[in-house]
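Good morning, and thank you for joining this meeting. I shall speak about how neighbouring chains meet in the assembly now on display.

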There are 12 protein chains.
Amino acid sequence: MANPVYKMIELTGTSPVSVEEAVQNALQRAAKTVREMKWLEVVEIRGRIDEDHVGQWQVTVKVGFTVLDEEDDD
Amino acid sequence: MANPVYKMIELTGTSPVSVEEAVQNALQRAAKTVREMKWLEVVEIRGRIDEDHVGQWQVTVKVGFTVLDEEDDD
Amino acid sequence: MANPVYKMIELTGTSPVSVEEAVQNALQRAAKTVREMKWLEVVEIRGRIDEDHVGQWQVTVKVGFTVLDEEDDD
Amino acid sequence: MANPVYKMIELTGTSPVSVEEAVQNALQRAAKTVREMKWLEVVEIRGRIDEDHVGQWQVTVKVGFTVLDEEDDD
Amino acid sequence: MANPVYKMIELTGTSPVSVEEAVQNALQRAAKTVREMKWLEVVEIRGRIDEDHVGQWQVTVKVGFTVLDEEDDD
Amino acid sequence: MANPVYKMIELTGTSPVSVEEAVQNALQRAAKTVREMKWLEVVEIRGRIDEDHVGQWQVTVKVGFTVLDEEDDD
Amino acid sequence: MANPVYKMIELTGTSPVSVEEAVQNALQRAAKTVREMKWLEVVEIRGRIDEDHVGQWQVTVKVGFTVLDEEDDD
Amino acid sequence: MANPVYKMIELTGTSPVSVEEAVQNALQRAAKTVREMKWLEVVEIRGRIDEDHVGQWQVTVKVGFTVLDEEDDD
Amino acid sequence: MANPVYKMIELTGTSPVSVEEAVQNALQRAAKTVREMKWLEVVEIRGRIDEDHVGQWQVTVKVGFTVLDEEDDD
Amino acid sequence: MANPVYKMIELTGTSPVSVEEAVQNALQRAAKTVREMKWLEVVEIRGRIDEDHVGQWQVTVKVGFTVLDEEDDD
Amino acid sequence: MANPVYKMIELTGTSPVSVEEAVQNALQRAAKTVREMKWLEVVEIRGRIDEDHVGQWQVTVKVGFTVLDEEDDD
Amino acid sequence: MANPVYKMIELTGTSPVSVEEAVQNALQRAAKTVREMKWLEVVEIRGRIDEDHVGQWQVTVKVGFTVLDEEDDD
């Protein structure tokens with residue numbers, strides 16, 4: 001592909017453990033339907049507080065993937 | 001769902017009346033095809049001017065919805 | 001359509017030549033599957049460096065298109 | 001006009017009632033001296049507090065209008 | 001007071017009806033314990049979606065008030 | 001509470017170990033005096049460098065909590 | 001002029017061809033009424049899409065010019 | 001004026017001495033042609049370097065003034 | 001304190017003279033009730049204009065202070 | 001190199017012709033002393049105005065390059 | 001040093017494991033040539049995706065260090 | 001030099017007295033090793049608080065200087 005085209009989608013992954021695991025959970029889910037994911041950028045780190053600790057990390061990422069010829073990029 | 005994953009889409013709703021109605025119009029249209037919409041964030045408020053008043057409010061929102069297992073999240 | 005609704009998608013087009021051509025390449029690819037594209041906004045201009053020059057311009061755009069009644073806006 | 005040129009001015013409208021009315025008030029005043037206003041973008045929403053409520057909404061907008069040939073665009 | 005000093009607090013008001021009412025609700029609650037509130041600035045407009053409409057507007061404001069001599073400004 | 005009101009405070013937690021632990025330390029300290037903390041947003045990640053490694057992670061968070069009726073929200 | 005004063009105006013130039021030409025078109029039009037323009041800064045690059053390509057580049061620039069003594073700087 | 005309307009202009013004042021003097025110089029020049037200036041906001045602080053010191057402070061401010069009925073607000 | 005926790009408050013100090021004095025005035029007032037203030041960050045510089053000069057500088061700062069064990073950090 | 005480290009430098013290239021050429025000029029100059037440049041990001045596009053056109057495009061880029069073992073990365 | 005001067009450099013560290021390790025890797029490499037590093041600020045968190053997980057975390061930090069008298073601060 | 005190339009470095013100067021003096025201190029130190037410094041832009045104003053006043057102003061500036069032919073621009 002001489003001039004590849006990429007599409008970005010924005011996902012929020014969650015985890016009770018860490019920022020990194022929240023991102024991994026988002027990617028694993030996305031990988032079921034999106035092929036050729038190439039890179040991500042963290043755009044927001046939030047969390048739900050359960051009394052005195054973070055009960056759920058919520059990490060929003062932009063994910064870039066190659067638009068393949070047979071794909072619908074809407 | 002132990003660790004839910006959300007997807008964000010960005011929509012612009014329009015209304016001749018108000019910011020709130022523009023957002024509602026965007027949600028009503030989106031609800032025809034997207035399930036489990038949870039929250040929104042207003043990212044831009046613009047308008048088309050007809051001579052001396054706002055003829056059309058244009059409100060851009062990010063909408064977050066739960067990615068269900070059977071859904072295509074592309 | 002009294003109160004049109006628009007959806008934005010984010011694409012990165014590439015070109016060895018110029019910023020403008022990178023955007024055109026993204027639009028041409030998108031036009032295969034998205035109808036009624038109306039406007040774009042450049043959100044990022046990056047490039048891959050090959051030794052001492054830009055080997056590939058990478059221009060990220062937000063593209064807005066009308067959500068038609070029969071369309072899936074997910 | 002093959003390649004129209006637009007100028008932006010920044011105005012703050014006020015209203016005791018709502019964000020929308022504050023914008024309309026700014027446009028009505030501007031329409032007395034500016035022709036061909038086309039679009040606006042809300043850039044700031046502030047308010048004066050009178051004890052326990054908003055006594056005056058103050059909404060700053062950028063207004064874009066076509067620069068006509070006979071106009072002074074300073 | 002020759003050189004007044006102000007303190008800002010950040011509040012999120014909510015309403016099922018409108019952006020303006022959400023702000024008013026925040027101010028009414030704050031007025032129970034904060035005196036001399038002078039101005040506000042809207043910093044974020046979000047909402048909870050109930051199926052296909054905004055069930056709750058959530059508007060975050062910065063509120064500025066005069067620090068009086070007898071007051072604790074922590 | 002038909003229309004809850006929230007207040008945000010900004011805290012910086014520290015830890016020699018990780019971003020997540022710095023946040024947890026801030027929340028544990030805050031929980032001694034603030035009830036009903038609901039969510040947080042990471043606004044800055046900094047660190048003190050000890051020679052060639054991060055000796056102390058410093059993570060600034062905005063914490064939102066419900067303003068209860070008997071509480072002083074100043 | 002020991003301490004020159006400058007004024008900034010914001011213009012949007014358009015062109016079917018390129019970002020650079022859109023800016024030049026804005027400057028040529030502005031030069032009819034504004035003297036002593038010194039520098040510009042690109043603040044936004046947008047475009048109108050005609051089916052599958054950019055039909056009109058829309059580039060918004062801030063233009064700084066010296067306020068001369070006889071000039072009206074409103 | 002029940003609902004005053006304000007206009008903002010952007011000016012850069014200069015001074016070899018200080019940030020404050022640069023702003024004052026901009027205001028003094030503007031006061032020759034603009035009436036009813038009310039407030040300003042510093043948007044940028046730059047400087048020209050002469051060898052090893054700041055030879056000229058360049059401070060850009062947004063100035064807000066009341067739009068009077070007889071005034072041209074273009 | 002192995003892992004200190006800091007709280008930030010946002011204050012606006014005022015002065016007819018300079019940016020620096022406005023900040024000092026805010027700190028002096030805050031020091032009456034807040035102990036262990038450590039650092040500040042200027043977040044906004046505004047001013048009230050009296051005819052043709054700045055009558056009052058208004059400088060908003062974020063102030064960070066150590067949360068002590070006996071303190072109420074609300 | 002299992003875990004490469006990159007350094008970013010910020011350069012402004014200039015050209016009387018185009019944004020792209022200004023960037024190329026910066027890269028060509030940088031390539032004389034910096035090896036292993038990998039990517040760039042455009043951070044600002046400015047220009048010097050000569051009467052009624054852009055006499056010099058000034059494009060600021062961040063350039064990322066691999067820190068090699070023998071290199072001084074200060 | 002009565003009035004210390006600091007310089008900031010921008011580095012991207014990488015790690016297959018975590019955000020924190022990516023930062024540590026950048027610091028360890030930098031410490032070979034830069035002395036007196038004092039603090040860092042995370043400015044961007046990105047990652048390379050390998051199929052369905054983050055194969056490489058890429059964390060960009062600004063690092064501040066004291067400019068010593070014998071040092072070249074270019 | 002037909003198309004000059006500039007490099008930006010980021011420095012933090014300090015002073016117990018004022019913002020301006022902090023910047024001057026940074027420039028004086030930089031002038032020992034950097035030639036052809038042309039302009040600066042203030043990017044952050046912070047301060048260390050000693051009890052109830054600013055003990056040290058910390059002003060971060062970007063400094064732009066011409067890259068000369070014989071210079072190392074790393």
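Let me begin with one pair of residues: K62(A) forms a salt bridge with E10(C), and their closest N and O atoms are 2.8 Å apart. Please bear in mind that this is a predicted model.

How many salt bridges does the rule find across the interface of chain A and chain C? The rule finds one. As for polar contacts, five residue pairs are counted between chain A and chain C, both residues being at pLDDT 80 or more.

Turning to the side of chain A that touches chain C, strand β1, residues 6-15, gives the most to this side, with three residues. By class, the residues on this side of chain A are seven nonpolar, one polar and seven charged.

Strand β1 also takes part in pairing between the chains. β1(A) pairs with strand β1 of chain C, residues 6-15, in the antiparallel sense over three bridges. Within β1(C), E10(C) is the bridge partner of M8(A).

Now to the interface as a whole. Chain A contributes 15 residues to the contact and chain C contributes 22 residues. Together the two chains bury about 1400 Å², with 44% of that on carbon and sulfur atoms.

Finally, the symmetry. Chain A is superposed on chain C by a rotation of 120 degrees, with 0.0 Å of shift along its axis and an RMSD of 0.0 Å. Thank you for your attention.

Definitions and conventions. Residues numbered from 1 in each chain as written. Chains lettered and ligands numbered in written order. Predicted model: local features only at pLDDT ≥ 70, side-chain atom pairs only at ≥ 80, totals over all residues. Heavy atoms only, no water. Least-squares fit on C-alpha atoms with pLDDT ≥ 70 in both. Contact = heavy atoms within 4.5 Å. Buried area = accessible area lost by both parts, 1.4 Å probe. Salt bridge = Lys/Arg side-chain N within 4 Å of Asp/Glu carboxyl O. Polar contact = N/O pair within 3.5 Å; in protein donor to acceptor, adjacent residues only side chain to side chain. Helix = DSSP H or I, 4+ residues; strand = E, 2+ residues; numbered from the N terminus. Nonpolar A, V, L, I, M, F, W, Y, C, P; charged D, E, K, R; others polar. Pairing = 2+ DSSP bridges.
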